[in-house]
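Have the viewer open and go point by point.

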Amino acid sequence: MSSKIHLDRAHLHDFYSQMLRIRRFEARCVELYQAQQICGFLHLYDGEEVVAVGVMGNLQACDAVVATYREHGQALARGVPMNALMAEMLGKQEGCCRGRGGSMHIFDRQRRFFGGNAIVGGGLPLAVGIAMADKQLRPGAVTACFFGEGAVAEGAFHESMNLAAVWRLPVLFVCENNLYAMGVPLEDAESQTDVYRKAEAYRMASAQVDAMDPIQMETAARRALEHIRAGKGPYFLECRTYRFRAHSMFDTQAYRQREEVEQWKQRDPIERLRAWMHENHLLSPAEAQAIDTTIAAEIDAAVAFAQAGTLEPPDALEQFVLMDRVVQEQAP
């Protein structure tokens, strides 16, 4: 596989559609949350969609994904069906985790999507363990591990970096650096604000990429995965991005100025790609409208499916708490 991206019309349309699909899905989730149909925490990916689409588009079926708790976009880009995802958001049994995971703990065994973790940095050692197993059971498989820049302050981050480098594990570490860990600016928490330099300290191949640019993001992801699949060990990708919405629906955003958010919105990757394609006669108004209509219909159908779903009966709450049998998974 070559790291050069072929910017044909179909590829660009697919990339644009996937990002817009994530953005519109989460916008509907906000409405459902405000209507109290989605409960608990809700962490949105608004502005960061290009990271998920750029990485997932270069993964294979045998690869594994460890997500963050801001994972709706990662799940959709990985191929988790929207119906199952929306049902999970509404806590219905038809959800991908029978309604028990909710927004923060999406899981899909078939797609090797091992979901989010409410513990900051908690997915890093899990990714190392999965990659260690896959190195023996699935030669060639890669584990993509997503996390925010706040995770680099955790001890588990450094332990995971070290072991992955020492054992040359096939892990793609994807740091979604949106400049604020919870409500703490990066420069107030880290003396080294170029996070990829921390991976370099472990002699790990690493790069920093402008994750508001779809082409740069996809190119960097493809290059990183080629490095790993060539048996050269793990790779660390720092994706400089920005979330347009609050950390969660409970966040008042007192730590950043509205003007800063508006400045970053001028670099919205969805709008930038749409404008570029339009200027280069790669996306007509009719095509853009058709994409909008298709996405809207899919979301409406997913909401209807979720709202018609069933809540788990109270007498079933003790199910799935303990494992009564071990399911031996067959490696492809």
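1. Contact here means heavy atoms within 4.5 Å. Angles run from 0 to 180 degrees between N-to-C directions, with axes as lines fitted to C-alpha atoms, for helices over the stretch in contact. Helices (H or I, at least four residues) and strands (E, at least two) are DSSP runs numbered from the N terminus.

2. Before going further, a word on the source: this is a predicted model, where local features need pLDDT of at least 70, side-chain atom pairs count only at pLDDT 80 or more, and totals for chains, interfaces and linings use all residues. Residues are numbered from 1 along each chain as its sequence is written, and side-chain values use heavy atoms, leaving out hydrogens and water.

3. Now the sheet. Five strands form an open sheet in the order S1-S2-S3-S7-S6, with parallel pairing; two strands pair if DSSP finds at least two bridges between them. Strand S1 (64-66) and strand S6 (205-210) each have a single partner strand, so one side of each lacks a neighbour in the sheet. On average, neighbouring strands are turned by 20° against each other, direction ignored.

4. Look next at S2 and strand S3 (residues 171-177), which run parallel and are joined by six bridges. Phe147 stands opposite Cys175 in S3.

5. At the other end of the order, S6 and S7 also run parallel, joined by six bridges. Val209 has Cys239 in S7 as its bridge partner. The chain goes from S6 through H9 to S7 in a right-handed β-α-β crossover, meaning that with the strands pointing away from the viewer, the path from the first strand over the helix to the second runs clockwise. Helix H9 (residues 214-229) itself lies across S3, S6 and S7, at about 170° to S7.

6. Which residues lie nearest the centre of the largest pocket? They are Cys97, Phe107, Arg109, Phe320 and Met323, out of 25 lining residues. A pocket is an open set of points on a 1 Å grid over the protein atoms alone, where a 1.4 Å probe fits, with protein on both sides within 12 Å along at least five of seven lines; lining residues have an atom within 4 Å of a point. Helix H5 (residues 123-137) gives the largest share of this lining, three residues.

7. The second largest pocket also deserves a look. Of the 25 residues lining the second largest pocket, the closest to its centre are Thr68, Tyr69, Val120, Phe147 and Gly148. S2 gives the most to this lining, with three residues.
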